[in-house]
Amino acid sequence: MMKRLLFSAVLLATALVGAKADVDPNFYIYICFGQSNMEGNAQPESIDKTGVDKRFRLLATCNFSSPSRKMGSWYVATPPLVSPAGGLGPTDYFGRMMVENLPEEVRIGVIPVAMGGSPIEMFDKDKYKQKMQQNPNEWWAQLARNHYAGNPYGRIIEMAKKAQEVGVIKGILLHQGCSNNGDPNWPNMVKKIYNDMLTDLGLGTDTVPLFVGETLRQDQGGSCYAHNTQVARMPSVVKNSVVISSEGCPGNGKDPWHFNALGYRIIGSRYAAEGLYKLGVQYPYFSFHNYDLVANNNCVFSEKTHTMTVKSTGAGILAWTYPHFADWSGYKYLIVKLKEPQDIGTEVWLYGKSKNISYRDTINDRTTVVIDLNNLRYNKTVMDPSKVYKMAFRAPKAGKVVIDDVYLTNDDQEATAIRPADTATTPFRAPLYSLDGRLADPKALKPGIYVRDGKKFVVR
């Protein structure tokens, strides 16, 4: 009998070790929940249907007929991710940008549960039954019954425990609010759901951040924009939470609640930027995806050709935004290269820690602009290069700007290579330049560093 007990104990220990060994510490899992924007409301476009990295994985939380998916199984994360009723949503580009910027050995998995129109109470394990009983014919109630056996919270926990057998839960994404628009109790209701999830999954607030997205803004046609006041309160209610901005994310133009496909790509990449930040990874300063280099309503940006096209009305603005401030203090120069001269008055604008314009430079006929990061001034105010909030191209007239590259460097030789075209045999158009690439008047030089015939000299 003793031998049997000993043998059984050895088998149990071996099984436990084996089970533990199956958990991949480089498989990062994220719970994604909410209402219709998290469910995905845009029709996926051609760019969204191909090129999904196999490292981005979906744990199906319900059964699909088209595409064929089985609840509880893992798949490459091609849209729709949430349910057969959904489309493209923020989770798609959250996962894509995460794997694009993490080491090859890291995989990203998502557990999405969402219903269009759902109030936040449907994710409260103590309130969902009453909510369902009070609203049996609502669309979200039908979705909850059809896809999640009437218990969305229970499905999240069931699938998350399954995911914990193979990976590690690293965060929770939420996009919800229109059905609770402006409710001052909403942040505390979210806090309860977040804390219940962590308790039921054996997780801690210090290791699992909550990422909360803003609703569609008023300038994009949103009707629930007032709820963003409540979203802004989340970091004061849940310590380890982050607000995801919807600034500049376009609406679909059909209703006042939903983003279009580009809007989902933009906000999805912003979820990823914050997710990477929590992992200690810097999101690229100069990503040329058209959902990272964001255009205002008066222009468009082609990712394929790097072309900014300004419409006939108003100024066109194309910008990278850095919510945590980009730190460029380790570099001497910011280099901007165009593929061809532009003639629409384009300027480079930098925004500092005040989030206001802190530096501007007119490109004129140059194709290479060198900005000295140690001499950033605007209106007699010096800008701190360790606190860059935004970099933008602003053009006041209709036309095109074709960007070749934007990068940071400490190479003094690159800083002196200020020529109007890409060929080294093209002569300078003027004999003298300031270090930031501006044409300089030899008769009116201010103190600073200048370039003449490819060589630097100092005026004191």
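Tutor: Before we start, one definition: two strands pair if DSSP finds at least two bridges between them. Keep in mind, too, that this is a predicted model.

Student: Okay, let me try that out. In which sense do strand 12 and strand 15 pair, and over how many bridges?

Tutor: The general idea is that strands of a sheet pair through backbone hydrogen bonds, either parallel or antiparallel. Here, strand 12 (residues 333-338) pairs with strand 15 in the antiparallel sense, over 5 bridges. To find one of the bridges, go to K337, whose partner in strand 15 is T368.

Student: What is the strand order of the sheet they belong to?

Tutor: Read across the open sheet of 5 strands and you get 9-10-19-12-15, with antiparallel pairing. At the edges are strand 9 (299-302) and strand 15 (368-372), each pairing on one side only. From one strand to the next, the twist averages 25 degrees.

Student: And how do I read the sheet with 7 strands? What is its order, and what is the pairing?

Tutor: That open sheet runs 3-2-4-1-5-6-7, and its pairing is mixed. Strand 3 (74-76) and strand 7 are the edge strands; each has a single partner strand, so one side of each has no neighbour in the sheet. The average twist is 25 degrees from one strand to the next.

Student: What packs on that sheet?

Tutor: Look for helix 7 (residues 152-163), which packs on the sheet and touches strands 1, 2, 3, 4 and 5. Its direction makes about 165 degrees with that of strand 4 (107-114).

Student: Can we zoom in on one strand? Which way do the side chains of strand 6 point?

Tutor: As a general rule, side chains in a regular strand alternate between the two faces of the sheet. In strand 6, L210 and V212 point one way, while F211 and G213 point the other way. All four are buried.

Student: How many bridges does strand 6 make with strand 7, and how many with strand 5?

Tutor: With strand 7, strand 6 (residues 210-213) pairs in the parallel sense over 4 bridges. With strand 5, the sense is again parallel, over 3 bridges.

Student: I clicked on N240. Where does N240 lie?

Tutor: N240 is in the loop between helix 10 (234-237) and strand 7 (241-244).

Student: Is N240 buried or exposed?

Tutor: Buried means under 20% relative accessible area. N240 has 13%, so it counts as buried.

Student: What does the side chain of N240 do in there?

Tutor: One of its polar atoms lies 2.7 Å from the backbone oxygen of T205. The side chain of N240 also makes a polar contact, at 2.9 Å, with the side chain of K278. Setting aside neighbours within four places in sequence, the contacts of N240 include Y194, D206, V208 and L210.

Student: For contrast, where is N379, and how accessible is it?

Tutor: N379 sits in the loop between strand 16 (377-378) and strand 17 (381-382). Its relative accessible area is 62%, so N379 is exposed.

Student: Next topic: rings. How many aromatic pairs does a search of the whole structure find?

Tutor: A pair of aromatic rings is described by the distance of the centres and the angle of the planes. The search finds 15 pairs here. Take Y30 and F94, which form an edge-to-face pair: 4.9 Å centre to centre, with 75 degrees between the planes. Y30 is in strand 1 and F94 in helix 4 (residues 90-100), so this pair ties together parts that are 64 residues apart in sequence. Y30 is buried at 1% relative accessibility, and F94 is buried at 0%.

Student: How many residues of helix 4 are buried?

Tutor: Helix 4 is mostly covered, with 10 of its 11 residues buried. Among them are P90, Y93, F94 and M97.

Student: Which residues do ring pairs link into a cluster?

Tutor: Look for Y285, F286, F288, W320, Y322, W328 and F393.

Student: Last one: how do I read the chain overall?

Tutor: The chain has 12 helices and 22 strands. Of its 460 residues, 51% count as buried. It exposes about 21,100 Å², of which carbon and sulfur atoms supply 51%. Among contacts with a separation of 6 or more, 69% come from residues 24 or more positions apart.

Terms used: Residues numbered from 1 in each chain as written. Predicted model: local features only at pLDDT ≥ 70, side-chain atom pairs only at ≥ 80, totals over all residues. Heavy atoms only, no water. Helix = DSSP H or I, 4+ residues; strand = E, 2+ residues; numbered from the N terminus. Buried < 20%, exposed > 50% of the residue type's maximum accessible area, 1.4 Å probe, protein only. Polar contact = N/O pair within 3.5 Å; in protein donor to acceptor, adjacent residues only side chain to side chain. Contact = heavy atoms within 4.5 Å. Areas by Shrake-Rupley, 256 points an atom, 1.4 Å probe, with all protein chains shown as cover. Axes fitted to C-alpha atoms, helices over the stretch in contact; angles between N-to-C directions. Phe/Tyr/Trp six-rings, centres within 6.5 Å; stacked < 30°, edge-to-face > 60°.
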